[in-house]
Amino acid sequence: MRKMAKITLLTVTLLSATAAFGGAEEGKEMFDEAKCMECHNSEDFKASKKVKDFHQLEARVDACQRNSDAGWFDEDTHDVATYLNKAHYHLKK
């Protein structure tokens, strides 16, 4: 019984850590696979007055993926926004 509780606690801890950090690596893969740089350049990802918080960034990523028919799930959009935030924007979540 104690062993099962420890395994459960470890699993929950690992899942929480993954959720807390988001999927920046997965987001980068999806960003690259969707060929986002065919429409954007590095100047587009500089912190700007247009994006003031992570929620706005995520909304912009979602709008872009819809316009390009990327077909991402909400989790995918979140991962790409997490990647862009980590690499370019550095906004608080």
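The protein chain has an accessible surface of about 7,200 Å², 58% of which belongs to carbon and sulfur atoms; areas were computed by the Shrake-Rupley method with a 1.4 Å probe, and for residues only the protein chains shown count as cover. The model is predicted: local features need pLDDT of at least 70, side-chain atom pairs count only at pLDDT 80 or more, and totals for chains, interfaces and linings use all residues. Residues are numbered from 1 along each chain as its sequence is written, and side-chain values use heavy atoms, with hydrogens and water left out.

The protein chain contains 4 helices and 0 strands, in the order α-α-α-α from the N terminus. Helices (H or I, at least four residues) and strands (E, at least two) are DSSP runs, numbered from the N terminus. Of the 93 residues, 28% count as buried, where buried means under 20% relative accessible area, exposed over 50%, and partly exposed in between (1.4 Å probe, protein chains only). Among contacts with a separation of 6 or more, 66% are between residues 24 or more positions apart; a contact requires heavy atoms within 4.5 Å.

Two packed helices are described by the angle between their axes and the distance between the axes. The axes of helix α2 (residues 24–33) and helix α4 (residues 74–89) come within 7 Å and cross at roughly 100°. Axes are lines fitted to C-alpha atoms, for helices over the stretch in contact, and angles run from 0 to 180 degrees between N-to-C directions. Helices α2 and α4 are therefore roughly perpendicular to each other (under 35 degrees counts as roughly parallel, over 145 as roughly antiparallel, 65 to 115 as roughly perpendicular and the rest as oblique). On the α2 side, the contact is made by A24, E26, G27, K28, M30 and F31, which meet D76, D79, V80, T82, Y83, L84 and K86 of α4. These residues divide into 6 nonpolar, 2 polar and 5 charged (nonpolar: Ala, Val, Leu, Ile, Met, Phe, Trp, Tyr, Cys and Pro; charged: Asp, Glu, Lys and Arg; polar: the others, Gly among them).

Within α2, the buried residues are A24, G27, M30 and F31. Seen down the axis of α2, these buried residues fall within an arc of 120°, so they line one face of the helix; the arc is that of the directions from the helix axis to the C-beta atoms. Helix α4 is included in what covers them. On the other side of α2, E25, E29 and E33 are exposed. In helix α4, N85 is counted as buried, at 7% relative accessibility. Leaving aside residues up to four places away in sequence, N85 touches F54, L57, H90, L91 and K93.

The loop between α2 and α3 (54–67) holds M37, which is partly exposed at 42% relative accessibility. With residues up to four places away in sequence not counted, M37 touches F31, S42 and F45. K35 also lies in the loop between α2 and α3, just after α2.

Most residues other than glycine have a negative phi. K35 is not a glycine, yet has a positive phi of about 55°. Phi is also positive, near 55°, in D69, a residue other than glycine. D69 is found in the loop between α3 and α4 and is exposed, at 68% relative accessibility.
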